[in-house]
Amino acid sequence: MSEFFLQGLAEVSNLYTLAMITLGVIFGIIGGSIPGFTVTMAILVVFPFTFSMDPVDGIALMIGVFVGGYSGGIISGVMLGIPGTPSSITTVYDGYPMAQQGEPGRALGIGMLSSFFGTLISVLMLIFLGPLIAQFSMNFRPWEITGLIVFALTLVASMSSGAMLKGLMAAAIGLLITTFGYDRNSNLRFDFGLPALESGFEILPVMIGAFAFSQLMNNLEQLSSRGRSTDTPSKQAPAQGSVSIPYRRILKDIAGQKINTLRSSIIGGLVGALPGTGGSVANFLSYDQARKFSRHPQRFGTGITDGIVASESSNNAVLGGAFIPTLALGIPGDLPMAIMMGVLILHGITPGPLMFEQNPVLIGGIYVSLMVAAFAMVLVQLLLIRWFAQISRVPQQILVPVVLVLCAVGSFALNNNLFDVWVLFLFGIVGYLLWKAGVPLTPMILGVVLGKNLENQFFRALELDPSWTTFFTRPLSAAFLALALASVVFSLIQNQRIARASKASRTPPS
């Protein structure tokens with residue numbers, strides 16, 4: 001383990017890499033502080049800039065965006081009462097009331113330090129759990145990997161906010177997208193006579209189009225529907241000069257939250273390691289547990305320190321946890337991790353059990369980059385918090401066209417191919433239509449990322465043993481497939497219960 005750190009430290013401790021981490025943190029904070037922009041959007045915009053970098057620098061830049069983005073969501077939550085990212089929703093419950101009571105700097109400072117400690121604790125979880133999971137998964141063969149990918153896709157789809165069947169359909173669409181072009185035996189499929197489709201669809205334009213483009217269209221639609229309602233006096237940020245950080249008060253607040261910070265960080269790390277969950281789930285779960293364990297639960301929602309600590313330490317702790325399945329198993333748990341995995345694949349590195357043996361320098365670089373990004377996040381926010389507070393008020397009319405141009409340039413830069421720009425807009429329309437139909441997009445993106453690997457492992461298994469029964473006679477493979485079926489059945493039962501409860505609540509008493 002110490003060798004990983006020393007090798008990673010040697011790679012990261014140069015001015016260029018440290019500058020990349022810091023720039024990533026700054027851009028992540030900016031992205032996270034703008035309501036509706038989200039961490040994922042910030043990562044998608046930065047993704048193309050990693051093409052010309054070596055793997056360590058590219059991942060370091062993305063980690064900076066990741067850490068800064070999750071922390072930056074607190075800024076608009078405290079200053080405007082609008083969460084900058086979905087993982088900062090519960091931060092608003094106590095952060096905004098504290099700001100309304102004349103202490104925005106205290107709320108922001110508590111959030112910063114909570115995010116810092118949450119990130120560090122999650123890195124420790126990654127360091128100790130990642131290699132253990134990777135060592136265990138060394139026994140996986142094509143049958144087990146196939147079962148694991150199927151389980152990951154069904155688990156993500158079944159957690160799609162009550163729309164389980166739509167989630168499964170989205171995952172199937174993602175898998176279908178990967179079948180365009182040549183297969184593993186050089187057979188051409190679904191090219192429709194277009195030479196540009198012979199190599200299939202690139203992951204980057206599909207991801208940017210389906211998620212970023214549709215999200216931006218959603219933002220514009222919401223903007224036009226609510227008019228200028230967000231400019232009401234109740235949502236105005238305090239004056240720039242009023243945002244000051246009371247350092248001694250914040251340190252005293254954090255000192256009394258040791259157990260809350262540790263508990264919430266562990267919850268965030270464990271939830272982050274589960275496919276299809278992420279910061280939003282960890283956010284609500286840790287906030288709920290903090291209230292249950294509190295001696296004064298009735299004060300939650302009134303501007304209490306406990307709520308901010310629970311929310312911010314858990315959503316940043318998701319970072320280390322989310323890296324565990326991505327690095328150890330090659331299974332990204334959510335969309336940002338799928339993009340991280342895309343960076344590695346672009347550089348010819350395949351995440352999975354062998355990564356800890358074949359790329360120890362990169363693993364160490366990830367460990368060190370996460371820690372450096374945590375320190376950079378605190379320093380940058382302390383120095384620039386007054387200006388970041390004003391960024392949260394950038395009008396969507398300015399933001400949307402700028403981001404669209406950056407997305408199009410990034411897609412073109414992938415292969416210097418105009419076709420990729422058309423792919424971006426095509427899947428932007430597809431993603432927007434799916435969103436309008438209530439179909440979740442994350443399962444589709446994960447299907448695109450995992451589709452090729454699923455196909456390769458499935459056919460490798462059949463080449464080694466043509467019998468389909470082998471998938472059910474090998475214990476681990478059968479266990480993963482059983483878990484996949486169980487997740488679907490459980491979601492169906494849960495959805496039926498929700499539907500019955502909703503129907504009962506609408507039925508007037510006789």
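A search through the whole structure, which is a predicted model, turns up 14 aromatic pairs. A pair of aromatic rings is described by two things, the distance between the centres and the angle between the planes. Take Phe 180 and Phe 201: the ring centres sit 5.0 Å apart and the planes meet at 55°, so this pair goes down as tilted. The label follows because planes under 30 degrees apart count as stacked and those over 60 as edge-to-face, with the rest called tilted. Phe 180 is found in the loop between helix H8 (164–177) and strand S1 (181–182), while Phe 201 is in the loop between strand S2 (188–189) and helix H9 (203–226), so the pair ties together parts that are 21 residues apart in sequence. Phe 180 has a relative accessible area of 15%, and that makes it buried.

Tyr 432 and Trp 435 give another picture. Here the ring centres are 5.9 Å apart and the planes are at 25°, so the pair is stacked. Both residues belong to helix H18 (residues 418–436), and being three residues apart there puts about one helical turn between them. As for cover, Tyr 432 is partly exposed at 22% relative accessible area, and Trp 435 is partly exposed too, at 33%.

Next come the charged side chains. Side chains of opposite charge can pair when their charged atoms come close. Across the whole structure, six salt bridges show up. One of them joins Glu 103 to Arg 106, with 3.1 Å from N to O. Glu 103 is partly exposed, at 24% relative accessibility, whereas Arg 106 is buried, at 9%. Glu 103 also forms a salt bridge with Arg 249, and in that case the closest N and O atoms are 3.6 Å apart. Arg 249 lies in helix H10 (residues 247–255) and Glu 103 in the loop between helix H5 (89–100) and H6, so this contact ties together parts that are 146 residues apart in sequence. Arg 249 itself is partly exposed, with a relative accessible area of 39%.

Arg 474 is in the loop between helix H20 (470–473) and helix H21 (475–506), and Glu 144 is in helix H7 (residues 142–158), so the two tie together parts that are 330 residues apart in sequence. Arg 474 is partly exposed, at 24% relative accessible area, but Glu 144 counts as buried, at 4%.

Finally, there is a nonpolar patch on the surface. Leu 129, Leu 132, Leu 262, Ile 266 and Leu 270 form it, and together they have about 430 Å² of accessible area. Helix H6 (104–136) and helix H11 (258–272) are the elements that give two or more residues to the patch. The largest share, three residues, comes from H11. Leu 129, for its part, is placed in helix H6 and is partly exposed, with a relative accessible area of 35%.

Conventions:
Residues are numbered from 1 along each chain as its sequence is written. This is a predicted model: local features need pLDDT of at least 70, side-chain atom pairs count only at pLDDT 80 or more; totals for chains, interfaces and linings use all residues. Side-chain values use heavy atoms; hydrogens and water are left out. Patches are made of residues with over 30% relative accessible area and no salt bridge: like charges are joined within 9 Å, nonpolar side chains (Val, Leu, Ile, Met, Phe, Trp, Tyr) within 5 Å. Accessible areas come from the Shrake-Rupley method with a 1.4 Å probe; for residues, only the protein chains shown count as cover. A salt bridge is a side-chain nitrogen of Lys or Arg within 4 Å of a carboxyl oxygen of Asp or Glu. Helices (H or I, at least four residues) and strands (E, at least two) are DSSP runs, numbered from the N terminus. Buried means under 20% relative accessible area, exposed over 50%, partly exposed in between (1.4 Å probe, protein chains only). Rings of Phe, Tyr and Trp (its six-membered ring) pair if their centres lie within 6.5 Å; planes under 30 degrees apart count as stacked, over 60 as edge-to-face and the rest as tilted.
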